[in-house]
Amino acid sequence: MDAGTSLRFLPGVGPARAAALAEAGLHDVWDLLHALPRCLGPPPPLVESGAIPAATAVRLRARVLSARPVFGGGRGRGMGLEALLERADGYALKARFFNAGYLRRHLLPGEWYLWEGRSDAEKAAVLLHPSFVHLKQGADEQPPAEAACRVAYRAVAGVSERTLVALVDAALEGTLDHLADPAGSDDVGHRRALLTLHRPESAAAYEEARRALAARELLALAWRMQARRSAQVGMPGRAWRWDDAIHARALARLPFALTAGQAEALAALRTDLRAAQPMYRLLQGDVGSGKTALALLASLAVIADGAQALWCAPTAVLASQHHAFAARCLVGTRVRTGLLTGGTPAAERAQLLSDLAARRLDLLIGTHALLGEAVEAAELGLVVIDEQHKFGVAQRAALVNRAAQHQGWAPDLLLLTATPIPRTLALTAFGDLEVARIAGRPPGRSAVATALFRAAGATQLAAPLRAAIAAGGQAYVICPLREDASEAGDDDVAPVADATSVTRALAKTCPELAIGLLHGALPEREKLALMAEFAAGQLHVLVATSVIEVGIDVAGATLIAVLDAERFGLAQLHQLRGRVGRGTMPGRCLLCHRATEAPERLQILLASDDGLAIATADLAARGPGALLGTAQHGALALRCADLVRDLDLLQDAHAEARRRTAAGEAMPPGLARLLTGGSGLLAGG
């Protein structure tokens, strides 16, 4: 048996089971051995006497006295199960299962079972969704022997954990001695690491083996980055004539003077655009740092030299705001601008595309609508993508490559992000880009006062909302959900705040306030109309989901209250906080929580307004996918590498990839396979 052997040929794998494994991405022995388990450590203690401690993993032997179905707990929870248990010493306890009523037929009254699970944090004599094994010989049957360090495999529908363990055992026994190192350097070390990961002797041994596999995974990632970077550098570009005269005219269009941080970042852009090879640069800057202004200056330099620019934004609201900013700055100039979104009428869309192709349009700003094949500029010099992680790598590459094929040279690419990116993430997700950062806070922009606020319902916001409006400001109220997803009857105390219910509750409590509701499911025209009303001061309060997280700029907004703030990431909360205090009045942010004590991690936002420090803490707590907003579509789905713990491995991987590609080596096939299905983790895609 070799690594390419189909799992269909392993003992106990029939057509149905093979199909279930394939659905989980496990096709052959190689897939199985590289599906790394999670380390659980030693088994929990066997508690045969005395009270069970709260919030603790335990094992125990107990018989079933009764098992009854229970209902409730919210929509989607289904029928639960509660079993009353008794230990040999007479100690009574309960086992609770959620959405698992089917287990009732497996729990026979009077029969003994070995139970393993975690006790409830408040009720120690309650095990939450424990696993159990029938002890056919009763209370005297000894628990089966446990490994010194246990592992758990990712669940596969239709395949039990026991079956997965047996399949891995068969694969290790029949294949391990024939496996080659994906990096092509240490076959024996790679085999030892795989064996240790699946059958560790200790948590320390597991971690050492995980690091060995992580080094190979990060080498594969770095090698792919080097290949992409080499291809980009090899493409012909165009050197733009961004001389002092053009520079001075462009600067004169801005309504403010550049800060030192903005000037430093702009100098990097100017150097890139004056070079003959295409620019591939990521510009990161905290909320309100001036990224849009620098993108406009770069666009004007390209336009002054006879070419055109395209700007892509993730939402119509943000695209419209960018267009309004550009139009204000360009009043009295000959620069022709346009706005194209999904809601643009067909006739207007056709005219915009015709003008772009005929060079009657210099700057076209829009949403994903700009990525269609029908969008073709006469001479595309610069592509700007705002909040770039909302766009896939393939999408932006298609736009750039289409222009390159049409005109014989590649346009420059400028990616903007308001998400502060820690060095670890920049090295990984943007290894094929040059990264520049706008440092410092814009002049006149003060820090937003941030406070924790206990609020179980929307009506508790009435006082701070009225105070903000009475002082001449406006307010945002942010909710995690758009609509109520529970079965709670009272809108104001629903388990999770939703924008629809909160709007209804605030309208009852504060009838004197004009309140609007904004969320992503609204038609584009309604979103734009709502934002226009809010910006014009016609609405006092805007209740919204995190759709307003990026780019929304309303000078009159002075208060933002985030309900159920613990459900948001730290970097996301920092972005939301940046929506207020953008005018002449100071801003205030209320992080609302339900528990008596606020989650400790929210204290970070009270202590710091440094976006980079906050994002670094967020990366450590939630991972890169959550930080970049890409967790739901697999971006940065590294199997065993950890970007926080493995920074040293990442740096080594980049160095080795550069050395080996410079020596003319091609990526070994095994390394390429480590990235199978994971191309989305490159460059934030």
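Good morning, colleagues. What we have is a predicted model. The average pLDDT of the protein is 85, and 88% of the residues score at least 70. Two stretches call for caution. For residues 630–635, pLDDT is below 50, and this stretch has 12 contacts in the model beyond near neighbours in sequence. Residues 677–685 also stay under 50, and there the model has 35 contacts beyond four places in sequence.

I turn to the interior. In soluble globular proteins, nonpolar side chains tend to be buried together. Here, the largest nonpolar core holds 49 residues. Leu7, Leu21, Leu32, Val156, Leu179, Leu218 and Leu219 are the members that touch the most others. A second, separate core has 40 residues, with Leu266, Leu273, Ala298 and Trp409 among them.

Returning to Leu7, which residues does it touch, leaving aside those up to four places away in sequence? They are Val13, Leu21, Leu26, His27, Asp28, Val29 and Leu32.

Let us now examine helix α10, residues 346–357. Its 12 residues, at 1.5 Å a residue, should span 16 Å, and the end C-alpha atoms lie 17 Å apart, so the two values agree. Leu352, Leu353, Asp355 and Leu356 are buried in this helix. Because these residues cover an arc of only 160° around the axis, they lie on the same side of α10. Ala346 and Ala347 are exposed, on the face turned away from that buried side. The cover over the buried residues includes strands β9 (308–312), β10 (337–340) and β11 (363–366). Just after the helix, Arg359 adopts a positive phi of about 65°.

Finally, the cysteines. How many disulfides does a search of the whole structure find? The search finds zero. Is Cys592 buried or exposed? Its relative accessibility is 0%, and therefore Cys592 counts as buried. Cys510, at 1% relative accessibility, likewise counts as buried.

Thank you for your attention.

Methods. Residues numbered from 1 in each chain as written. Predicted model: local features only at pLDDT ≥ 70, side-chain atom pairs only at ≥ 80, totals over all residues. Heavy atoms only, no water. Disulfide = S-S within 2.5 Å. Buried < 20%, exposed > 50% of the residue type's maximum accessible area, 1.4 Å probe, protein only. pLDDT = per-residue confidence, 0-100. Contact = heavy atoms within 4.5 Å. Helix = DSSP H or I, 4+ residues; strand = E, 2+ residues; numbered from the N terminus. Expected span 1.5 Å × (residues − 1). Arc of directions from axis to C-beta. Core = buried A, V, L, I, M, F, W, Y, C linked by side-chain atoms within 4.5 Å.
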